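Let's take a walk through this protein, beginning with the whole chain and then stopping at a handful of residues. Keep the model open as you read.

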Amino acid sequence: MGRTLQNTMINLGLQNACDEAVYQLGLDMEELEEIEEDAGLGNGGLGRLAACFLDSMATLGLAAYGYGIRYEYGIFNQKIRDGWQVEEADDWLRHGNPWEKARPEYMLPVHFYGRVEHSASGAKWIDTQVVLALPYDTPVPGYMNNTVNTMRLWSARAPNDFNLRDFNVGDYIQAVLDRNLAENISRVLYPNDNFFEGKELRLKQEYFVVAATLQDIIRRFKASKFGSTDSVRTVFDSFPDQVAIQLNDTHPAMAIPELMRIFVDIEKLPWDKAWDITKRTFAYTNHTVLPEALERWPVDLVEKLLPRHLQIIYEINQRHLDHIASLFPNDVERLRRMSLIEEGSTKRINMAHLCIVGSHAVNGVAKIHSEIVRTQVFEDFAELEPEKFQNKTNGITPRRWLLLCNPGLAELIAEKIGEDYVRDLSQLTKLHKFVDDDLFIREVAKVKQENKVKFALYLEKEYKVKINPSSMFDVHVKRIHEYKRQLMNCLHIITMYNRIRRDPAKLFVPRTVIIGGKAAPGYHMAKMIIKLINAVAQVVNNDPMVGNKLKVIFLENYRVSLAEKVIPATDLSEQISTAGTEASGTGNMKFMLNGALTIGTMDGANVEMAEEAGEENLFIFGMRVEDVTELDKKGYNAQLYYDRLPELKQAVDQIKSGFFSPKDPNLFNDVVNMLFHHDRFKVFADYEDYVKCQEKVSELYLNSKAWTKMVIRNIAAAGKFSSDRTIKEYARDIWHVEPSDLKIPPPNEPRDAGQDKTPNGTAA
């Protein structure tokens with residue numbers, strides 16, 4: 001979520017008043033804003049997307065709740081020591097959190113372990129261990145519409161009789177100390193991005209958030225006029241018309257068997273009725289196609305932790321497979337492919353398959369990604385129910401990612417086209433008529449220059465590094481992962497360095513290359529990549545032959561509040577994943593909206609950015625998805641490129657020989673070995689085209705006016721990438737709710753009794 005103060009002031013229309021009030025107290029608002037800790041409760045794009053969605057849902061007047069875990073320790077703080085990443089605990093609650101309100105009155109029990117007892121009256125899950133879920137509510141204000149939604153985060157608490165209720169043999173002190181075991185559930189965020197680690201505590205976290213949330217939703221449903229009760233129990237027929245639950249990846253997939261358990265075991269609904277309601281309630285968003293990221297939980301673990309849920313999953317699977325067998329008799333291979341249970345040395349539950357079978361809609365997050373989901377990853381399922389599969393291209397909130405982080409540009413745009421674009425970003429197309437306006441061109445360039453100077457000063461103050469604000473700011477910030485190919489950027493840096501040294505007199509367009517991002521603590525290769533970037537920076541930044549032509553900065557502890565500083569100052573945005581690996585990306589959109597040009601592959605939302613702005617207004621290079629597929633068929637041989645390209649050979653040899661690690665020449669052996677022998681992401685295959693494309697970038701940068709005109713065309717084409725547009729599509733196509741642009745009256749004005757009724761009571 002990042003910081004909350006400035007975002008709240010902007011959405012409430014109070015920023016100027018607050019700035020002035022604080023100024024009159026002899027204080028500086030920006031200084032106050034810098035004191036707030038980031039709420040870093042997610043890993044990367046997935047968590048930030050959810051935050052943008054919350055902002056858009058509130059701005060569109062949807063009755064929506066964001067549910068998650070109130071981690072005591074969020075994503076680790078990254079320190080760089082001697083070029084290596086070192087992790088520190090993110091104790092973000094140390095000074096308290098003024099934005100949250102504990103709601104002990106809504107505390108709920110969550111059960112684990114135990115066993116299942118079957119009787120005539122149905123299944124009973126008994127002898128469980130109980131953990132309490134304590135909700136904390138954080139307000140989510142819409143933009144200038146007096147709507148405030150809620151983000152409800154659950155914290156784990158041990159019940160007061162924890163370890164004391166059972167046969168009390170006496171170690172009272174130990175029993176109280178053991179309360180920590182229960183409360184560890186919400187202690188810390190698992191720091192893996194796009195990688196599945198099948199740990200018991202992680203599964204506990206996933207079930208914890210799901211079980212508490214579903215109880216909360218059902219309590220709210222029963223209390224509303226829709227959950228009208230007959231003499232025996234609630235009628236749940238209207239449940240899917242009143243409740244929509246969006247599964248953000250498979251992490252909350254246990255919600256499907258959990259809702260079935262509630263309906264069948266507790267509410268005593270017949271299975272078929274319960275299953276129909278469940279399917280119509282859930283929708284699933286897939287966020288990655290990387291096989292190592294897909295959640296596949298061992299059956300033994302689920303059986304131990306959630307025995308009733310395993311039985312329900314088996315029953316769902318049995319009925320699912322019976323259905324497929326009836327359509328495709330004797331196709332055992334298809335049954336194996338489509339089963340929720342994967343057989344093997346350890347039996348596993350494929351959570352994506354569970355989500356597809358248990359949802360009425362499945363979507364990818366960019367056109368190309370949704371296409372891959374439909375035709376490759378889940379092709380059997382799409383063949384069965386083609387109407388279930390959709391696309392919802394990701395977006396970003398223009399409140400945080402333009403108004404808040406780039407007020408200079410936001411104001412400049414408002415002067416030209418009015419202020420309405422903040423709630424309807426498609427209006428940015430009106431900027432097209434100013435693309436030849438010399439004054440506007442100069443003003444856009446001036447705002448960018450001011451942002452660069454400000455960021456340069458920040459770097460000097462925080463990191464003691466001096467950079468040249470007139471150099472091109474070439475920025476690559478995102479989680480460190482092989483598929484995102486920070487290594488390819490690194491090879492380009494080395495290539496530029498070698499060219500400067502080979503011909504020091506030749507004209508060279510000065511660059512400051514800024515790379516930032518966190519590596520998962522257990523991801524060895526990602527940590528080596530960080531070390532390599534820092535080792536290269538050490539050499540480049542201290543070579544007198546290079547001077548200020550080329551500087552390399554590794555940006556420590558990349559996070560939302562740092563993104564808000566670096567993105568508005570960026571000239572060139574690096575979006576260089578291997579085609580077919582980045583589901584969408586959202587950083588790409590933030591850079592586009594903030595006046596950077598993109599160098600990128602035809603991957604994720606880059607494809608749609610090129611479609612909107614015109615491919616000639618992005619620097620597109622490299623293999624397309626078809627080329628990658630072709631190369632896989634043929635067999636990727638890295639050696640071929642190494643032998644054919646002298647500059648690539650030189651760069652790789654320098655890494656291999658210890659040119660960048662003289663004290664330990666073999667330091668980067670693992671990296672070099674990977675590049676030659678098991679590089680799934682084909683860095684060498686795109687290197688040549690990448691370097692050539694970078695030459696075109698430098699050439700255009702020399703012509704400031706032509707560069708800025710291209711910038712304006714990009715900003716004018718960025719409207720599609722508002723999360724408001726994304727959420728309207730989810731609302732229309734999946735949740736079946738109507739966004740409302742009604743501004744509800746502020747709390748100090750009396751409300752008409754008639755205005756109390758919402759047109760539809762549906763909650764997403």
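A residue is called buried here when its relative accessible area is under 20%, exposed when that area is over 50%, and partly exposed in between, using a 1.4 Å probe and the protein chains only. What you're looking at is a predicted model, in which local features need pLDDT of at least 70 and side-chain atom pairs count only at pLDDT 80 or more, while totals for chains, interfaces and linings use all residues. Residues are numbered from 1 along each chain as its sequence is written, and side-chain values use heavy atoms, with hydrogens and water left out.

First, the big picture. The protein has 31 helices and 22 strands; these are DSSP runs (helices H or I with at least four residues, strands E with at least two), numbered from the N terminus.

How much of the chain is buried? Buried residues account for 58% of the 764. As for contacts (heavy atoms within 4.5 Å), take those between residues at least 6 apart in sequence: 75% of them join residues at least 24 apart. Charges come next, with Lys and Arg counted as positive, Asp and Glu as negative, and His and the chain ends not counted. There are 93 positive and 107 negative side chains, and the centres of the two sets lie 1 Å apart, placing each charge at NZ of Lys, CZ of Arg, CG of Asp or CD of Glu.

Now zoom in on Asn 363, in strand E15 (residues 362-364). Its relative accessible area is 0%, so Asn 363 is buried. Leaving aside neighbours within four places in sequence, Asn 363 is in contact with several residues, including Gln 246, Tyr 284, Gln 390 and Tyr 730. With Tyr 730 there is a polar contact between the two side chains, at 3.0 Å. (A polar contact is a pair of N or O atoms within 3.5 Å; within protein, one must be able to donate a hydrogen and the other to accept it, and residues adjacent in sequence count only if both atoms are side-chain atoms.)

Over in helix H7 (residues 200-223) you'll find Ala 211, which counts as buried because its relative accessibility is 2%. Not counting residues up to four places away in sequence, Ala 211 touches Val 110 and Glu 258.

Most residues other than glycine have a negative phi. Arg 485, though, has a positive phi near 55°, and it sits in the loop between strand E17 (472-477) and helix H20 (486-502). Lys 682 also has a positive phi, about 55°, in the loop between helix H28 (669-677) and helix H29 (683-702). Arg 485 is buried at 1% relative accessible area, and Lys 682 is buried at 4%.

Finally, Gln 427 lies in the loop between helix H18 (407-417) and helix H19 (438-463). Why does Gln 427 count as buried? Because its relative accessibility is 16%, and the cut-off for buried is under 20%.
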